[in-house]
Amino acid sequence: MTTGALAAKHKELMALAIGIAKSCIGCIAFHVKASVEAGATRDEIAETVTVCIRMGGGPSYIYGTKALERYDALVLG
């Protein structure tokens with residue numbers, strides 16, 4: 001997930017979106033952490049979750065909140 005034509009941060013946010021779409025808690029936890037390490041902010045993760053909800057409806061809402069909970073636990077303690 002190194003920077004190429006796309007920044008590593010954007011690749012991690014895409015991977016997070018796929019984890020949310022696939023309802024994979026492990027993927028969400030991993031890619032939230034990797035997104036933060038690549039420089040993603042809570043607002044960027046929240047916007048990623050919003051796109052997932054628009055595309056995936058209710059299930060994405062449930063798993064998207066898991067991503068934000070993971071961010072808060074990692075960054076805010």
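**Cys52 and its surroundings**

Leaving aside residues up to four places away in sequence, Cys52 touches Ala17, Ile20, Gly57 and Ser60, where contact means heavy atoms within 4.5 Å. This is a predicted model, in which local features need pLDDT of at least 70 and side-chain atom pairs count only at pLDDT 80 or more, whereas totals for chains, interfaces and linings use all residues. Residues are numbered from 1 along each chain as its sequence is written, and side-chain values use heavy atoms, with hydrogens and water left out.

**Cysteines**

- Cys52 is found in helix 3; helices (H or I, at least four residues) are DSSP runs, numbered from the N terminus.
- With a relative accessible area of 8%, Cys52 is buried, whereas Cys27, at 31% relative accessibility, counts as partly exposed; buried means under 20% relative accessible area, exposed over 50%, and partly exposed in between (1.4 Å probe, protein chains only).
- A search of the whole structure finds zero disulfides, a disulfide being a pair of cysteine sulfur atoms within 2.5 Å.
- The cysteine sulfur closest to that of Cys52 belongs to Cys27 and lies 12 Å away, which is too far for a bond.
- Cys52 and Ala15 are 37 residues apart in sequence and, from C-alpha to C-alpha, 12 Å apart in space.

**Helix 1 against helix 3**

- Helix 1 (residues 8-21) packs with helix 3 (residues 42-76) at an angle of about 15 degrees, and their axes are 9 Å apart; axes are lines fitted to C-alpha atoms, for helices over the stretch in contact, and angles run from 0 to 180 degrees between N-to-C directions.
- That angle makes helix 1 roughly parallel to helix 3, since angles under 35 degrees count as roughly parallel, over 145 as roughly antiparallel, 65 to 115 as roughly perpendicular and the rest as oblique.
- Helix 1 passes helix 3 in a right-handed crossing, a term used if the near helix is turned clockwise from the far one by less than a right angle, and left-handed if anticlockwise.
- Helix 1 contributes Lys9, Leu13, Leu16, Ala17 and Ile20 to the contact, while the residues from helix 3 include Cys52, Ser60, Tyr63, Gly64 and Ala67.
- By class, this contact of helix 1 with helix 3 has nine nonpolar, three polar and two charged residues; Ala, Val, Leu, Ile, Met, Phe, Trp, Tyr, Cys and Pro count as nonpolar, Asp, Glu, Lys and Arg as charged, and the others, Gly among them, as polar.

**Helix 2 against helix 3**

- Helix 2 (residues 25-37) and helix 3 pack at an angle of about 65 degrees, with 9 Å between their axes, and the crossing of helix 2 past helix 3 is right-handed.
- In this contact, Ile25, Ile28, Ala29, Val32, Lys33, Ser35 and Val36 of helix 2 meet residues of helix 3 that include Ile45, Tyr63, Lys66 and Ala67.
- The contact of helix 2 with helix 3 has 11 nonpolar, one polar and three charged residues by class.

**Other residues**

- Leu68, placed in helix 3, is buried, with a relative accessible area of 17%, and touches Arg42, Ile45, Ala46 and Val49, not counting residues up to four places away in sequence.
- Ser23 lies in the loop between helix 1 and helix 2, and its phi is near 60 degrees, a positive value in a residue other than glycine.

Note on methods. Helix = DSSP H or I, 4+ residues; strand = E, 2+ residues; numbered from the N terminus.
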